[in-house]
Amino acid sequence: MSDTVELFSDGACKGNPGPGGWGALLVCKGVEKELWGGEANTTNNRMELLGAIRGLEELKRPCDVTLVTDSQYVMKGITEWMVNWKKRGWKTAAKEPVKNADLWMQLDEQVNRHNVTWKWVRGHMGHHGNERADQLANRGVDEVRGIKHG
């Protein structure tokens, strides 16, 4: 039987592009693990994707994951758009290369390791897990910008 995990992921960017951060909060059997990181020059969408990817990568064996995101981009990409991107060789309907295809491919690989249920929540509405992921993403931004947290 596989473990049941809740994964809350988020991304943040100060300027778009600009310094960005991602955050992920994993909750399994009442135990929490916080993950975060950042990049000096990135976009909000890339950070949203990395939050989900890094959270899933952290799971060492296949799990039943409820992945909670406030990103419509991540949610629609994984549940609606990706099937057609793959059929078209990672091209959009307009035959343009899919933006962030490198990260979409990584996310696809991680999702295929697990049984993932996707759940979208509105950001900044007091949802506990989402707020925590947002704080972690902002910590990632701050670290890239050289701001230390006590």
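Biologist: Helices (H or I, at least four residues) and strands (E, at least two) are DSSP runs, numbered from the N terminus. Where is Lys 29 found?

Modeller: In this predicted model, Lys 29 is found in the loop between S2 and S3. Local features are reported at pLDDT of at least 70, side-chain atom pairs count only at pLDDT 80 or more, and totals for chains, interfaces and linings use all residues. Residues are numbered from 1 along each chain as its sequence is written, and side-chain values use heavy atoms, with hydrogens and water left out.

Biologist: What is the phi of Lys 29?

Modeller: Lys 29 has a positive phi of about 50°, although it is not a glycine.

Biologist: Which residues form one aromatic cluster with Trp 90?

Modeller: Tyr 73, Trp 81, Trp 85 and Trp 104 form one aromatic cluster with Trp 90.

Biologist: How many aromatic pairs does a search of the whole structure find?

Modeller: The search finds 5 aromatic pairs. One of them joins Trp 85 and Trp 104, which are edge-to-face at 5.2 Å centre to centre, with 65° between the planes. Rings of Phe, Tyr and Trp (its six-membered ring) pair if their centres lie within 6.5 Å; planes under 30 degrees apart count as stacked, over 60 as edge-to-face and the rest as tilted.

Biologist: Which parts does the pair of Trp 85 and Trp 104 tie together?

Modeller: Trp 85 lies in helix H2 (residues 72-87) and Trp 104 in helix H3 (residues 101-111), so this pair ties together parts that are 19 residues apart in sequence. Both Trp 85 and Trp 104 are buried.

Biologist: Changing topic: how many disulfides turn up in a search of the whole structure?

Modeller: The count is 0 disulfides, where a disulfide is a pair of cysteine sulfur atoms within 2.5 Å. Cys 63 is in no disulfide, and its nearest cysteine sulfur, that of Cys 28, is 6.4 Å away.

Biologist: Is Cys 63 buried or exposed? What about Cys 13, buried or exposed?

Modeller: Cys 63 is buried, with a relative accessible area of 5%. Cys 13 is buried as well, with a relative accessible area of 18%.

Biologist: Back to the backbone: which residues does a cis peptide bond join?

Modeller: The cis peptide bond joins Asn 16 and Pro 17, with omega at about 10°. Pro 17 lies in the loop between strand S1 (4-13) and S2. By way of background, most residues other than glycine have a negative phi, and most peptide bonds are trans.

Biologist: Last one: how far apart are Thr 42 and Ala 12, in sequence and in space?

Modeller: Thr 42 and Ala 12 are 30 residues apart in sequence and 9.8 Å apart in space, taken C-alpha to C-alpha. Thr 42 is found in strand S3, and Thr 42 is buried, with a relative accessible area of 2%.

Notes. Buried < 20%, exposed > 50% of the residue type's maximum accessible area, 1.4 Å probe, protein only.
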